[in-house]
Amino acid sequence: MEMDPSPVNGSTEQFDSVDESLNSEDVDFNWDEYLEETGTTAAPHTSFKHVEISLQSSFQPGMKLEVANKHNPDTYWVATIITTCGQLLLLRYCGYGDDRRADFWCDVMTAELHPVGWCTQNNKVLMPPAAIKEKYTDWTEFLVCDLTGSRTAPANLLEGPLRGKNPVDLITVDSLIELQDSQNPFQYWIVSVLENVGGRLRLRYVGLEETEPYDQWLFYLDYRLRPVGWCQENKYRLDPPAEVCPLKTMAEWQSALEKSLIEAAKFPLPMEVFKDHADLRDHFFTVGMKVEAVDDMREPHSICPATVSKVFNNHFLQVTIDDLRPEVCKTSMLCHADSLGILPVQWCLKNGVHLTPPKGYSSQDFDWADYQKQCGAEAAPQFCFRNIPFTHGFTKNMKLEVVNPRNPAEICVASIVSVKRSLMWLHLEGLQVPASEYIVDVESMDIFPVGWCEANAYKLSAPPKAILQRKRKIAIVQPEKQLPSAVPVGKILHDHFIIPQPDTMGTINGRYSCPALFINHRCFSGPHLNKGRLAELPQSVGPGKCVLVLKEVLSMVINSAYKPGSVLRELQLVEDPRWNFQEETLKAKYRGKTYRATVKIVRTSDQVLDFCRRVCAKLECCPNLFSPFPVTEACPENCSIHTKTKYTYYCGKRKKVMKPPVGDSKSHSLEGRHGRSSRRRKRRKPLFVQKRRLASAAEPNTADSAEESDEEEPEALEDETWSEGTSPELQDDQTDVSSAEVPLARPTNAMKLRSSVESYRPARTERGRKARKALPLLCAKEHAKRARIKQVKEMKPEPQEKLILDSNPLEWTVMDVVRFIRLTDCAPLAKIFQEQDIDGQALLLLTLPTVQECMDLKLGPAIKLCHQIERVKLAFYEQYTN
């Protein structure tokens with residue numbers, strides 16, 4: 001179907017012209033939006049053990065190195081690594097023994113660290129710290145005994161281009177590794193690294209430099225990978241795999257092998273790369289034992305009966321999928337004791353999973369007892385299998401990123417269909433051709449957490465439906481010059497104020513995309529905003545993501561206020577339980593101080609208009625001051641007739657506050673009213689200035705600034721004294737002048753109040769009576785505040801109980817950290833730790849500036865949180881740094 005190119009209401013929507021074959025490269029896939037749209041959650045990062053290991057440091061506790069003395073940088077001494085945290089090392093000088101009082105942290109990238117022996121080679125002085133200098137008489141003998149049998153930090157991790165790098169970073173392109181054959185455990189061949197994606201390696205056999213179809217993808221922790229030279233040490237063969245051997249002559253293979261061995265000797269791969277490889281344990285399988293095995297060669301994946309067909313040695317065995325048909329090429333797998341694909345007999349029955357009978361099996365219903373009698377075989381005992389983790393963190397409907405088993409170079413968005421003990425059934429959502437469910441183990445190295453591809457700059461195959469939906473959000477929006485006659489009159493608010501169709505905002509720019517917001521500075525600005533500053537703002541902001549556009553507009557509005565702190569406080573109160581909102585931290589600067597507040601901002605375009613109007617109502621300004629629609633000439637609200645004395649017209653339910661008629665007997669001329677009002681204001685100002693000074697002297701500033709809070713109470717009273725010709729900005733200037741004229745020597749606050757009351761007595765106007773009614777209230781507030789201050793001073797802080805840790809914080813997962821925070825008085829902040837994926841190591845690195853900046857916390861909560869973190873650090877040093 002061809003699309004009509006003629007614009008409707010000035011816009012052309014390209015909905016039907018989307019090419020269904022578009023792939024994820026054309027559109028940025030956003031995990032946060034996709035999780036929200038599908039109503040699902042991401043699998044926890046801590047459930048992917050291989051990814052967690054890949055992020056660890058190359059340094060190990062117990063390693064020795066030479067470091068400069070803290071109090072004498074020209075001398076050096078040997079130190080031991082106590083623990084590591086990223087690129088930070090906790091060190092202890094040799095000679096301190098179990099005394100941890102002198103332990104210190106240093107950064108590998110900035111500290112002067114050297115391998116053992118560096119001082120001798122460079123004629124540097126090796127001298128123990130002054131605090132322990134007298135502990136031993138012969139330090140040379142002490143060092144010889146201390147270094148004997150110890151492990152020293154590798155020189156390449158302390159100096160040169162590899163300094164401070166973790167094992168994954170040490171694997172570079174063209175690095176050479178020995179790879180075990182997929183069927184013969186005694187046969188290896190050298191492979192070259194073509195790509196390193198966060199530890200996931202694309203490997204190619206040496207000798208097949210231009211043959212891509214035989215490339216393999218393996219995670220660097222795979223047991224099949226060994227450093228070059230390992231085969232020779234263990235007397236294994238280096239032969240090309242059987243599937244590629246016919247592609248070259250034996251002479252060519254031998255030449256390629258010799259060349260690669262020379263290259264590997266010149267540029268050896270650091271042994272730290274293999275430090276986390278798990279040693280294979282001995283197995284107890286014998287030939288003929290029956291097991292259940294995942295058949296990943298069959299479509300769809302299934303679990304079938306299988307047999308141990310061969311035992312190579314105490315580490316490796318061969319498992320073959322049972323097939324009762326004659327003369328069939330059977331599927332075999334090389335396995336070890338902890339292989340992920342083999343399960344004990346009756347596993348499917350116990351876990352409610354369908355067991356696929358062997359091909360050629362005569363009966364419809366499979367029964368293990370009958371089948372074992374028929375085959376004359378016994379089941380492998382339970383102790384032959386690995387211990388299965390019970391708390392792996394995966395649950396149904398969680399999202400993750402998974403390698404496509406049919407194309408190992410592709411990583412797809414996947415959803416967990418079901419979980420049975422150690423196995424998960426996954427639905428790959430990023431495939432262009434739909435595939436059946438994929439069975440994978442919870443400890444597989446082919447699964448990754450949400451965001452892993454983005455973090456490693458690798459393409460993620462996104463769901464085609466999501467791509468199509470996001471493509472349909474693209475549209476060409478043209479400015480409306482003239483409204484077609486077909487548009488109903490009800491859609492027009494005003495002749496000069498054109499509103500698009502109701503669904504336009506939700507479809508043209510997408511659900512999370514906000515249209516341009518116009519700053520209509522000609523509209524009524526209300527009592528809080530400076531009209532001159534508003535006029536200096538850009539005409540519009542956006543289009544773009546809703547949260548970003550609205551946050552930018554709100555920041556502009558705050559900076560255009562007479563008192564930004566007051567506006568910031570008002571914005572905190574704007575909310576609606578029906579909104580799909582996101583909390584953002586906004587800042588305001590006023591009189592040299594910075595205020596922060598968390599404001600709820602809507603995320604979807606259909607709520608932008610309501611949000612803008614709510615904010616305008618809160619700021620008591622015209623509802624169209626900032627809006628998705630430009631005000632070209634006259635505002636439809638006719639706001640130009642309003643002045644600052646009538647701002648309450650836009651408050652609450654928009655009940656207009658009527659002023660007394662001009663001819664009222666109690667009223668006076670405008671000129672006389674101006675004169676008396678100014679005189680009264682000058683005599684009342686000292687009361688408010690002294691009140692502020694007393695409050696600031698008696699009560700320190702809090703996170704929200706007590707100074708600003710104290711200013712707001714008199715401000716509310718002063719609002720009633722505004723004249724039509726006096727702006728808040730002018731009053732602020734008057735306040736500053738008055739404060740400079742107030743005498744500093746006043747006996748008590750009570751005397752100030754009495755003198756102020758006396759100064760009001762001659763005034764007999766309505767506003768004077770209001771001011772007198774407010775004075776007792778101010779008196780009461782002042783006495784209450786002084787009583788609270790006195791009560792706080794008399795309170796004695798209770799000694800806090802010493803923290804005893806049940807486990808090492810360095811091993812805490814994100815959920816462990818969240819559980820700890822929930823047990824403290826900072827429990828409301830636990831959600832932030834979960835959202836930011838802060839585990840135990842990250843927790844120990846948090847400081848007050850980091851907490852304030854990264855978590856957007858006010859000073860008070862940040863200090864309380866850092867106090868709890870310091871308790872953990874202290875307990876950690878006392879319990880776990882020996």
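Biologist: Which residue is the bridge partner of V402 in β20?

Modeller: This is a predicted model, where local features need pLDDT of at least 70, side-chain atom pairs count only at pLDDT 80 or more, and totals for chains, interfaces and linings use all residues. Residues are numbered from 1 along each chain as its sequence is written, and side-chain values use heavy atoms, with hydrogens and water left out. Strands (E, at least two residues) and helices (H or I, at least four) are DSSP runs, numbered from the N terminus. In β20, V402 has as its bridge partner C412.

Biologist: How many bridges join β19 to β20?

Modeller: Two strands pair if DSSP finds at least two bridges between them. A hairpin leads from β19 to β20 through two residues. β20 covers residues 407-420 and runs antiparallel to β19, and the number of bridges joining them is six.

Biologist: Which residue stands opposite V402 in β23?

Modeller: β23 (residues 447-448) pairs with β19 in the antiparallel sense, over two bridges. In β23, the residue opposite V402 is I447.

Biologist: Is T41 buried, partly exposed or exposed?

Modeller: T41 lies in the loop between α1 (31-38) and α2 (49-54). Buried means under 20% relative accessible area, exposed over 50%, and partly exposed in between (1.4 Å probe, protein chains only). T41 has 49% relative accessibility, so it counts as partly exposed.

Biologist: Which residues does T41 touch, not counting those up to four places away in sequence?

Modeller: Contact means heavy atoms within 4.5 Å. With residues up to four places away in sequence left out, T41 touches L35, N397, M398 and K399.
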